[in-house]
Amino acid sequence: MFKFVMPEVIFGSGSIKQVGESCVRLGARNVLIVTDQGVIDAGWLKSVEERCQEAGLAFVLFSNISVNPKETEAEMCAKVYRDNECDAFIGVGGGSAIDIAKAAAILVTNGGQVRDYEGVDRITKPLPPLVMVSTTAGSGSEVSQFSVIVDSERHIKMTIVSKSLVPDIAIIDPDVLATKSARLTASTGLDVLTHAIESFVSIAATPLTDVHAKNAIMLSSQFLRPSVASRFNMEAKEKMAMASLHAGLAFSNAILGAAHAMAHTIGGRYLFLHGDINAVLLPHVMEFNALAAPEKFRTIAELMGENVSSLCVSEACEKAVSHVRKLAVDIGAPLTLSEMGFEESAIPVISEIALLDACMITNPRDISADEVAFLLRQAL
Ligand SMILES: [Fe+2]
């Protein structure tokens with residue numbers, strides 16, 4: 001038995017124009033738009049506001065959001081929603097703005113603090129309507145049942161998993177990706193690949209998630225390079241937006257693995273880009289996990305275009321790993337944790353906390369704190 005959850009998806013060039021009528025269809029009259037400064041600077045907020053006006057919606061703005069969004073920001077966002085008697089959320093952004101909108105949505109109907117909902121299935125009351133507009137390819141948060149929020153006191157990223165967090169409507173407009181820098185395109189693109197590979201080898205993978213994970217692996221290995229190379233290559237942008245959507249649907253339902261568990265823990269203590277941490281960790285975690293799912297790693301190599309027909313299974317696994325390493329090199333992603341500013345002295349505490357992250361549960365190979373520490377030392 002398995003379940004598969006997803007929102008209504010509106011995908012394609014110009015789809016951002018559907019945001020106002022999407023809210024109206026859900027019964028909204030006074031929406032809280034949650035976004036970040038990067039989206040405002042790129043002009044996309046203006047576009048969303050205009051569509052809200054055309055649809056006859058009143059709206060309020062909340063944009064006080066960090067790159068790694070914090071619990072306190074979700075609480076402030078919920079306060080703005082309550083003070084203005086809003087009746088729906090629009091999240092416009094990458095993972096940060098969408099995750100804050102989701103966490104604030106929990107608070108406005110369920111009360112309490114964000115940390116009360118850390119873990120799996122802690123939300124008991126329905127959330128207000130959620131319309132999410134993705135501006136990166138990407139976090140996948142616009143389609144997922146996840147919200148990842150920094151607990152500033154414990155210095156960890158809390159992973160909240162609940163079907164209640166699946167947005168009502170996800171709008172994915174590839175045109176928006178043309179305003180992203182090469183650096184951000186590379187980082188978020190390697191996050192997509194990590195979502196795809198981790199969900200494909202997850203112990204919670206199903207035939208339905210495999211379809212999406214495989215498409216995401218194929219598309220991102222083929223189109224991430226040209227997408228980083230040119231902001232005007234709209235075919236590559238559209239394919240990466242599709243890869244992000246497939247990967248989001250796969251990991252939302254199959255969950256992730258050790259790379260994300262470690263990335264969440266490191267991201268709670270360091271202001272690194274989430275995609276950069278995954279980019280560094282992914283090949284090491286793949287090497288470690290190959291023992292648990294060798295045939296799946298052979299398939300990953302094939303999906304990436306490697307000819308593995310004459311190779312034994314361990315050689316095929318190595319091909320998958322080396323392909324991921326080469327991709328990261330080609331697009332200029334960081335290759336070690338130390339070049340990002342990670343300190344070796346943090347390894348013992350990171351190793352212990354990472355084991356408790358919800359994503360560790362679905363890693364295909366059993367893992368101990370010592371083994372997490374070993375992987376982190378390899379990635380230094
Ligand atoms: Fe991620």
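Tutor: Let's start with terms: on a 1 Å grid over the protein atoms alone, a cavity is a set of points where a 1.4 Å probe fits but cannot get out, while a pocket is an open set with protein on both sides within 12 Å along at least five of seven lines; lining residues have an atom within 4 Å of a point. We're looking at a predicted model, so local features need pLDDT of at least 70 and side-chain atom pairs count only at pLDDT 80 or more, though totals for chains, interfaces and linings use all residues. Residues are numbered from 1 along each chain as its sequence is written, and side-chain values use heavy atoms, with hydrogens and water left out.

Student: OK, how many cavities of 30 Å³ or more are there?

Tutor: Volume here is the space filled by probe spheres set on the grid points, which are joined across faces, edges and corners. With that rule, the number of cavities of 30 Å³ or more is two.

Student: Which element gives the most to the lining of the second largest cavity?

Tutor: That cavity has a volume of about 50 Å³, and its lining includes Ile197, Val201, Leu282, Met286 and Phe297. Helices (H or I, at least four residues) and strands (E, at least two) are DSSP runs numbered from the N terminus. Helix 6 and helix 10 each supply at least two of the lining residues. With four residues, the top contributor is helix 10.

Student: Which helix gives the most to the lining of the largest cavity?

Tutor: This cavity holds about 80 Å³ of space, and among the residues lining it are Thr136, Leu184, Thr188, Leu224 and Met240. Helix 6, helix 7 (207-229) and helix 8 (234-254) each bring at least two. The most, three residues, comes from helix 6.

Student: How many residues of the largest pocket's lining are polar?

Tutor: Helix 6 supplies the largest share of that lining, five residues. By class there are ten nonpolar and five charged residues, and the polar ones come to 21.

Student: Which residues lie nearest the centre of the second largest pocket?

Tutor: The second largest pocket takes up about 330 Å³, and its lining splits into nine nonpolar, four polar and three charged residues. Domain 1 and domain 2 both contribute to that lining, so this pocket too lies between them. Of its 16 lining residues, those nearest the centre are Gln145, Lys163, Ala204, Asn253 and Ile255.

Student: What is the phi of Asp121?

Tutor: Most residues other than glycine have a negative phi. Asp121 sits in the loop between strand 5 and strand 6 (130-134). Its phi is positive, near 60°.

Student: Is Glu85 buried or exposed?

Tutor: Buried means under 20% relative accessible area, exposed over 50%, and partly exposed in between (1.4 Å probe, protein chains only). Glu85 lies in the loop between helix 4 (71-83) and strand 4 (88-93), with a positive phi of about 50°. Because its relative accessible area is 67%, Glu85 is exposed.

Key. Ala, Val, Leu, Ile, Met, Phe, Trp, Tyr, Cys and Pro count as nonpolar, Asp, Glu, Lys and Arg as charged, and the others, Gly among them, as polar. Domain bounds come from an automatic or database domain assignment.
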